Protein chains: 2
Amino acid sequence: MRPSALREMLSAGGPPARLSLAGGLPPEEAFPFATLAELASELLSGHDVRALQYTSAEGEPKLRSQIAEVLTRDHRREVATERVVVTTGSQQGIDLVGRVMLDPGDVAIVEDPTYVGALRALAPTGARIVGVGCDDDGMDTDILAALLADGIRPKLCYLCANFSNPSGATLSGTRRQALADLSRQYGFVIVEDDQYGRLRFRGEHIDPLASIAGDVVYLSGFSKVVAPGLRVGYLSAPEWLVRPIVLAKQAADLATSSLGQRLVSRLLDLPDWWDGHLALLRSIYAERADALTDAVDAQLPGRLRVRRPEGGMFAWAEILDDAVTSTALIATARRLGLALVPGSEFSVANTFEHALRLSYSTLTPAELGEAVAIIAAAFDDLGSVRA
Amino acid sequence: MRPSALREMLSAGGPPARLSLAGGLPPEEAFPFATLAELASELLSGHDVRALQYTSAEGEPKLRSQIAEVLTRDHRREVATERVVVTTGSQQGIDLVGRVMLDPGDVAIVEDPTYVGALRALAPTGARIVGVGCDDDGMDTDILAALLADGIRPKLCYLCANFSNPSGATLSGTRRQALADLSRQYGFVIVEDDQYGRLRFRGEHIDPLASIAGDVVYLSGFSKVVAPGLRVGYLSAPEWLVRPIVLAKQAADLATSSLGQRLVSRLLDLPDWWDGHLALLRSIYAERADALTDAVDAQLPGRLRVRRPEGGMFAWAEILDDAVTSTALIATARRLGLALVPGSEFSVANTFEHALRLSYSTLTPAELGEAVAIIAAAFDDLGSVRA
């Protein structure tokens, strides 16, 4: 299994960086402490047994039906409660799908760059992971079509269609339709990881693959929209996949935290709270995304090209000076007090040596400006000529 | 993967049984609702970021060091914090050990009967699971020694040394030493699952395998001594196994619930509370174990032999009338309003057709008497002659 470069960097010793664009944490100042305190107190003082006893592997029944209701609306087709499985974070969803669907020698398609946790979960199955490149419109379905025409027969295709981690790109409507068609034609399952879909702060909503394709495992959760520490994610799966996934879930951890599930279920009972909270998150993310990308455009013209995200928490950046590798830039920035993570961390085959993933979620606009100034100073230090 | 017989039974339709000796749930009336309500309120109203943000895959640092302190005392040898990994329930501990240690064709020894969740977690690795029989003194190490002498070379040996689920038996001190010696001689890892060690209500404490053996993965958690819904378990592992386990944990679910970890950590800060709570649990379990076994002795002489447990929540029962199978007894008892689970559910090779696992944890003494009366009536219905 492949360790996390970020993790290794952080444990490499030395004082922690003063600023970081490396992580993938949601902003703590938006955690709904007061509401959760109230709900936890109600549940526990009210001796809510369902908050502390084991629950079923599939998930707490009421929460499952609430999620099914949300998905039925979002996917614009009926999602039966029986197709919903609550997971210990969305990471577990990827892991369960991999365990159930992939055997050694099977092929799994992923977008490239891709979420590193997906690589970590899928690789131990022994499946061959094949990357398909991305651009501003997300995974290039023409490349995928060519691979399929060449005879590659994947069991599944994993991707983040909205504001991808790490690329920040969103799969266009045309490509969604193309991917749905390919999935039907070649008989593979689409694993649609949608952690950020509710965090669109610009541009037009595009319907999820789950609303147009056949066999889709749709993964999402509450880490990015409530708090990751609750570890409550969920998936909806085609009927034929539900039972194997539930059996794998039983073997993996019996069930997801009942307390976390009950808290989220109570939040879903508060639609007004929910609307206000998502609006708050979107405004925070929008302000920070703009602060970062504006600062890059202003301070790093000709040096760094950043993809303007329409939602989520990540922006992909390419170093335009061929003489500057991400490794050198990161080491120099680190000495100047800024942590960065290389694009190669998210690649299937250790490419992207001139790319970075920038996470703007935990810094204020002022700090983001400072961070970009440090990157500019690092370019200077490396003797890179100003454009 | 093998589904749970209990689960299948429960979902088979019809009204739920009025009484159940089938489950493995801790008693809800002992859940520390008030204390947890207070701590949750403190953590959340106090904006404790560590309760809601991601924590590291190894676990929340303070909780890890608290667990290391407990284990250093219990194992009577230094357990470094670095050897402790927090897991999403102890089930995940078994799963991670299996994923890291077992490849197809490897051999894993388990006691037979064994915890069914272990079978479910270990079987998908493709390892060959070899069962070793048990008696009142737990796993028969002579049988294991013979297997090893015959050339079987296991990677690991999984067992519950204290008040085993399902057998209720406790591995004797002599056998612990024998197992420790065999582990050293043949180079396999002992996976000591100790969910119930703190729930001894009778007899003498016996030091854990982790205090006398070489390579031991020790698994325990807070499901049985606080509440399962928090999903906080832990393991200590030999140094060489820690990193692979942590990488597998990262891939499985990134980290365990931060809220659960912080709650347990705060409880561990309250040693007096802890002493009182464990004393309460022991008294509940002792009273119920006695009520069950006394009722069996009084009402089912010559029909059912039950092993008197010294702790934990399970008693193993053997049907003494060869003409009565557990399947028939269970079906009849079910019609009379009592749920039972067959011993075969916990067997490696579908044996124990004349055995039951009786769980006494969730019924009052009066209900346990009633449950045993139903078993007696079921024997009568089946035409079994009274002894």
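Predicted model: local features only at pLDDT ≥ 70, side-chain atom pairs only at ≥ 80, totals over all residues.
Local features need pLDDT of at least 70 and side-chain atom pairs count only at pLDDT 80 or more, whereas totals for chains, interfaces and linings use all residues. Residues are numbered from 1 along each chain as its sequence is written, and chains are lettered from A in the order in which they are written.

User: Why do the buried residues of helix 11 of chain B line one face of the helix?
Analyst: Helices here are DSSP runs (H or I, at least four residues), and strands are E runs of at least two, numbered from the N terminus. In helix 11 (residues 326-335), B:Ser326, B:Leu329, B:Ile330, B:Thr332 and B:Ala333 are buried, meaning that 20 or more other C-beta atoms, placed from the backbone, lie within 10 Å of a residue's own. They line one face because, seen down the helix axis, the directions to their C-beta atoms fall within an arc of 170°.

User: Which residues of helix 12 of chain B does helix 11 of chain B meet?
Analyst: Contact requires C-beta atoms, placed from the backbone, within 7 Å. From helix 11 of chain B, the residues taking part are B:Leu329, B:Thr332 and B:Ala333, and their partners in helix 12 of chain B are B:Ile374, B:Ile375, B:Ala378 and B:Asp381.

User: Which element gives the largest share of the side of chain B that touches chain A?
Analyst: The contact takes 45 residues from chain B and 44 residues from chain A. Elements giving two or more residues to the side of chain B include helix 4 (89-101) and helix 8 (239-253), but the largest share, seven residues, comes from helix 2 of chain B.

Note on methods: Buried ≥ 20, exposed ≤ 12 C-beta atoms within 10 Å, placed from the backbone. Contact = placed C-beta atoms within 7 Å.
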